[in-house]
Amino acid sequence: MSTSTPSTRTLADPIPSYRAIENLIARYAELVDDGDFAGLGSLLADAVFIGSGGPVRGSDAIEKMFRDSLLVYADGTPRTQHVTTNVAIEVDEQAGVAVARSYVTVFQALPELPLQPVAAGRYRDRFERCDGQWRFAERRVRINLVGDVSRHLRQADAPR
């Protein structure tokens with residue numbers, strides 16, 4: 001008796017747009033947590049990054065902003081985990097643009113700092129498709145809740 005299996009996506013099949021965009025959002029978190037600021041510059045090379053400072057644009061400027069802002073430890077990382085949740089993506093396939101909203105919670109742990117959330121906020125992102133590939137066009141970061149960031153951010157205020 002033969003059985004048939006439903007077809008599954010092969011590696012040659014294109015990734016659905018919403019999944020490709022989710023992957024970009026996840027890649028950002030991985031790069032920050034890995035301390036790969038050059039990778040962040042590349043990921044956001046065609047985007048404007050809007051955070052607590054003024055807008056930053058271009059690979060080199062974005063890489064520099066992260067290097068100048070985040071403390072990095074002996075393992076080469078900021079010892080953080082960015083957890084992105086509540087991801088909502090709206091894609092306009094015809095126009096080749098998309099927007100996304102999500103929450104972010106940043107956890108940090110060090111030998112002298114037990115695991116704890118140090119910041120929480122929201123991302124508002126715009127994406128564009130160029131040559132068949134999705135990329136960031138804009139990332140807006142709004143941090144609403146701030147904990148002890150004295151071991152995360154350079155020149156951070158004392159713990160609140």
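1. Read along the sequence, the protein chain follows the pattern α-α-β-β-α-β-β-β-β. That is three helices and six strands, where helices (H or I, at least four residues) and strands (E, at least two) are DSSP runs numbered from the N terminus.

2. On provenance, this is a predicted model, in which local features need pLDDT of at least 70, side-chain atom pairs count only at pLDDT 80 or more, and totals for chains, interfaces and linings use all residues. Residues are numbered from 1 along each chain as its sequence is written, and side-chain values use heavy atoms, with hydrogens and water left out.

3. Overall figures for the protein chain are as follows. Of its 160 residues, 36% are buried; buried means under 20% relative accessible area, exposed over 50%, and partly exposed in between (1.4 Å probe, protein chains only). Among contacts with a separation of 6 or more, 53% join residues 24 or more positions apart, contact meaning heavy atoms within 4.5 Å.

4. The largest nonpolar core has 30 residues, and Tyr28, Phe49, Phe66, Phe127 and Phe136 touch the most other members. A nonpolar core is here a set of buried Ala, Val, Leu, Ile, Met, Phe, Trp, Tyr and Cys residues joined through side-chain atoms within 4.5 Å. Two or more residues of this core come from each of helix H1 (17–34), helix H2 (37–43), helix H3 (59–69), strand E4 (97–110), strand E5 (113–130) and strand E6 (133–146). H1 gives the most, with seven residues.

5. Phenylalanine 66 can be examined individually. With its neighbours within four places in sequence left aside, phenylalanine 66 is in contact with Tyr28, Val32, Phe37, Leu40 and Phe49. Tyr28 and Phe49 are, like Phe66, among the core residues that touch the most other members.

6. Strand pairing (DSSP finds at least two bridges between the two strands) is described next. E4 and E5 pair in the antiparallel sense over 13 bridges and form a hairpin with two residues between them. Within this pair, arginine 101 stands opposite arginine 124 in E5. A colleague may wish to inspect that site. E5 also pairs with E6 in the antiparallel sense, over twelve bridges; cysteine 130 has glutamine 133 in E6 as its bridge partner.

7. Two residues deserve a backbone check. Aspartate 131 is found in the loop between E5 and E6, a hairpin with two residues between the strands. Its phi is positive, about 55 degrees, although aspartate 131 is not a glycine. Aspartate 131 is exposed, with a relative accessible area of 76%. Asparagine 86, also a residue other than glycine, has a positive phi near 50 degrees. Asparagine 86 lies in strand E3 (residues 80–92) and counts as exposed at 52% relative accessibility.

8. Valine 83 is found in strand E3 and, at 34% relative accessibility, counts as partly exposed. Apart from its neighbours within four places in sequence, valine 83 is in contact with Tyr103, Val104, Thr105 and Phe107. The C-alpha atoms of valine 83 and alanine 120 are separated by 9.4 Å, with the two residues 37 apart along the chain.
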